[in-house]
Amino acid sequence: MSKPDHLLVDIAIAVESGQSNQMSLTVVVPGGVITGRLAPESVWRERVAEVLADSERLRSFSAIFTSPGGGPAPRDHDEPPTHLHFHVARILQGSVGIPETGGMYRIAIKDVSAWTVGDFSYSDG
């Protein structure tokens, strides 16, 4: 999208202001469809930092997500969000979602070409 969808921006603002991680969303972006739950950026950053800190090889990257000077600055709350922060999210690939357990994705709102409320679940039956 050249100009972000205002309704999608409003959803992102509500997630950020309410500090909720219960909003399920499915988005279409170049190269794929991602489905999962949105999280506030601060919660998403904390979770990514935790995952990195648990890895001996990647531990040094953890600070990028937690320290103000270590990486991209957290969003200025006077400006509308520019990204959606997914957790427990999957990339839809045919009849499966990968990774099976869900992943953490940061998606630029301007890159979303279509979206719907809710996420897709898979079952063997």
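Predicted model: local features only at pLDDT ≥ 70, side-chain atom pairs only at ≥ 80, totals over all residues.
1. Overall make-up. The chain holds three helices and five strands. Along the sequence these elements come in the pattern α-β-β-α-α-β-β-β. Of the contacts in the chain with a separation of 6 or more, 62% are between residues 24 or more positions apart.

2. Surface and burial. Buried residues account for 34% of the 125 residues in the chain. The chain has an accessible surface of about 7,600 Å², and carbon and sulfur atoms contribute 56% of this.

3. The sheet. The five strands make an open sheet, ordered S4-S3-S2-S1-S5, with antiparallel pairing. The edge positions belong to strand S4 (96-108) and strand S5 (114-117); each has a single partner strand, so one side of each is left without a neighbour in the sheet. On average, and with direction ignored, neighbouring strands of this sheet are turned by 30° against each other.

4. The S1/S5 pair. Strand S1 (residues 24-29) and S5 run antiparallel and are joined by four bridges. Within this pairing, Val28 is found opposite Ala114 in S5.

5. Helix against sheet. Helix H2 (residues 41-53) packs on the sheet, where it touches strand S3 (83-93) and S4. The direction of H2 makes about 125° with that of S4.

6. The core. The largest nonpolar core has 17 residues, and the members that touch the most others are Val27, Ile34, Leu84, Phe86 and Ile107. Two or more residues each come from helix H1 (6-18), S1, strand S2 (32-38), S3 and S4. The most come from H1, which gives five residues. In soluble globular proteins, nonpolar side chains tend to be buried together.

7. Ile34. Which residues does Ile34 touch, not counting residues up to four places away in sequence? They are Leu25, Thr26, Val27, Val29, Phe86, Ala89, Arg90, Ile91, Tyr105 and Ile107. Val27, Phe86 and Ile107 in this list are also named among the core residues that touch the most other members.

8. Ser24. This residue lies in strand S1. Is Ser24 buried or exposed? Its relative accessibility is 18%, and the cut-off for buried is under 20%, so Ser24 counts as buried. Leaving aside neighbours within four places in sequence, Ser24 is in contact with Gly36 and Arg37, and also with Val117, Gly118 and Asp119.

Methods
Residues numbered from 1 in each chain as written. Heavy atoms only, no water. Pairing = 2+ DSSP bridges. Axes fitted to C-alpha atoms, helices over the stretch in contact; angles between N-to-C directions. Contact = heavy atoms within 4.5 Å. Core = buried A, V, L, I, M, F, W, Y, C linked by side-chain atoms within 4.5 Å. Buried < 20%, exposed > 50% of the residue type's maximum accessible area, 1.4 Å probe, protein only. Areas by Shrake-Rupley, 256 points an atom, 1.4 Å probe, with all protein chains shown as cover.
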